Amino acid sequence: MPLILDGKKARDSYKSRLIERVGALSCTPTLALVQIGDNRESTIYIEQKKKFGQTIGAHTEHIHLPENATENSISSRILALNRRDDVHGIIIQLPLPAHLDRLSLINLIDPEKDVDGLTDENQRLLEEGTPRHIPATAKGVSLLLDFYGISPAGKKAVVFGRSRLVGHPAAKLLEMKGADVSVCHSKTEDPEKISKTANILVVAVGKPGLIGARHVKEGAVVIDVGINSVSGAKLEEEIPKRKIVGDVDFEAVQSLASAISPVPGGVGPMTVLSLFDNLISSAEKSCPRQR
Ligand code: NAD
């Protein structure tokens with residue numbers, strides 16, 4: 001059996017440090033969560049963030065706008081949040097309704113408060129190797145590896161997916177930690193051949209069962225970022241009963257991998273932790289510490 005990279009255990013261990021950092025501040029770190037519309041999964045994620053924030057003494061403010069909100073009205077809310085000294089982080093919960101341009105809205109967020117690390121400026125800083133806020137899921141992957149003492153330095157790492165949110169920053173972070181990184185995307189030819197070379201394989205695509213035994217080298221560390229609902233639920237009310245699986249066929253891969261992150265309970269909890277880590281860093285910059 002491979003070592004199970006338990007994200008809840010790692011999160012709970014890192015959490016005490018976040019609580020200490022919040023306690024040392026003269027202000028309460030405050031995260032504004034901007035939700036547009038009523039995407040059911042977004043509401044679940046927002047609730048998870050609010051709940052975690054409470055457990056570490058941070059404050060969350062949920063700004064819930066209607067599905068048909070105009071770009072202008074959302075822009076003015078974001079700009080108002082930028083101006084508030086008592087707000088240290090702003091995130092726009094994705095996905096957005098189809099009529100909105102997500103990048104132009106994200107780029108309105110003050111980069112200091114962009115704790116999701118998605119603005120052009122924060123992506124550029126990461127690209128240059130001097131990150132301000134690292135996108136939370138990518139940072140979560142890195143912290144999970146750290147927790148289990150798995151160093152990417154000198155290893156061959158392969159990342160499936162190259163999104164701004166996960167794949168691209170995860171590859172960049174692994175590279176910054178000294179790994180030799182290859183990226184596979186939807187157009188990559190013969191991805192099995194590339195992934196078979198990986199000592200560390202990170203998968204962030206959103207396709208259940210994409211990665212099987214044919215992709216994994218014996219002894220590899222496999223990090224499954226994917227979140228896929230496979231309930232077959234046809235009604236909105238059935239969604240809470242959905243079964244969540246990752247992109248990796250766990251059963252097929254477990255006899256080859258030396259370590260593997262489960263879904264759920266792997267990268268997910270680390271993502272929420274990392275978001276609040278970014279929030280606290282932002283608050284540490286803008287409000288003085290207590291004596
Ligand atoms: P995305 O749709 O923006 O990006 C998917 C990426 O996968 C793209 O770069 C695409 O080129 C690539 N891709 C598509 N088919 C491929 C294939 N056959 N082989 C290799 N690459 C392929 O998605 P995203 O926002 O990056 O999210 C990826 C997955 O991670 C989703 O399942 C999402 O739900 C999940 N996710 C999990 C967390 C978490 O906390 N665990 C957080 C964010 C996203």
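Okay, ground rules. We're looking at a predicted model, where local features need pLDDT of at least 70, side-chain atom pairs count only at pLDDT 80 or more, and totals for chains, interfaces and linings use all residues. Residues are numbered from 1 along each chain as its sequence is written, and side-chain values use heavy atoms, with hydrogens and water left out. Helices (H or I, at least four residues) and strands (E, at least two) are DSSP runs, numbered from the N terminus.

Let's start with α3, residues 71-83. Which residues of α3 are buried? They're Ile74, Ser75, Ile78, Leu81 and Asn82, where buried means under 20% relative accessible area, exposed over 50%, and partly exposed in between, with a 1.4 Å probe and protein chains only. These five cover an arc of only 125° around the axis, so they sit on the same side of α3; the arc is taken from the directions from the helix axis to the C-beta atoms. Over on the other side, Asn72 and Arg83 are exposed. And the buried ones pack against β2 (30-36), β3 (59-65), β4 (89-92) and α4 (102-106), with contact meaning heavy atoms within 4.5 Å.

α5, residues 120-127, has Asn122, Gln123, Leu125 and Leu126 buried. Down the axis, they fall within an arc of 160°, so they line one face. Their packing partner is α7 (167-176). Just after α5, glycine 129 takes a positive phi of about 85°.

Now a helix pair: α1 (7-23) packs on α6 (136-147) at about 90°, axes 10 Å apart. Axes here are lines fitted to C-alpha atoms, for helices over the stretch in contact, with angles from 0 to 180 degrees between N-to-C directions. So α1 is roughly perpendicular to α6, a label that covers 65 to 115 degrees; under 35 is roughly parallel, over 145 roughly antiparallel, and the rest oblique. From α1 you've got Gly7, Lys9, Ala10, Ser13 and Tyr14, meeting Leu143, Leu144, Asp146 and Phe147 of α6.

Last stop: glycine 149, in the loop between α6 and β5 (156-160). Buried or exposed? Glycine 149 is exposed, at 63% relative accessible area. From threonine 188 it's 39 residues away in sequence and 31 Å in space, C-alpha to C-alpha.
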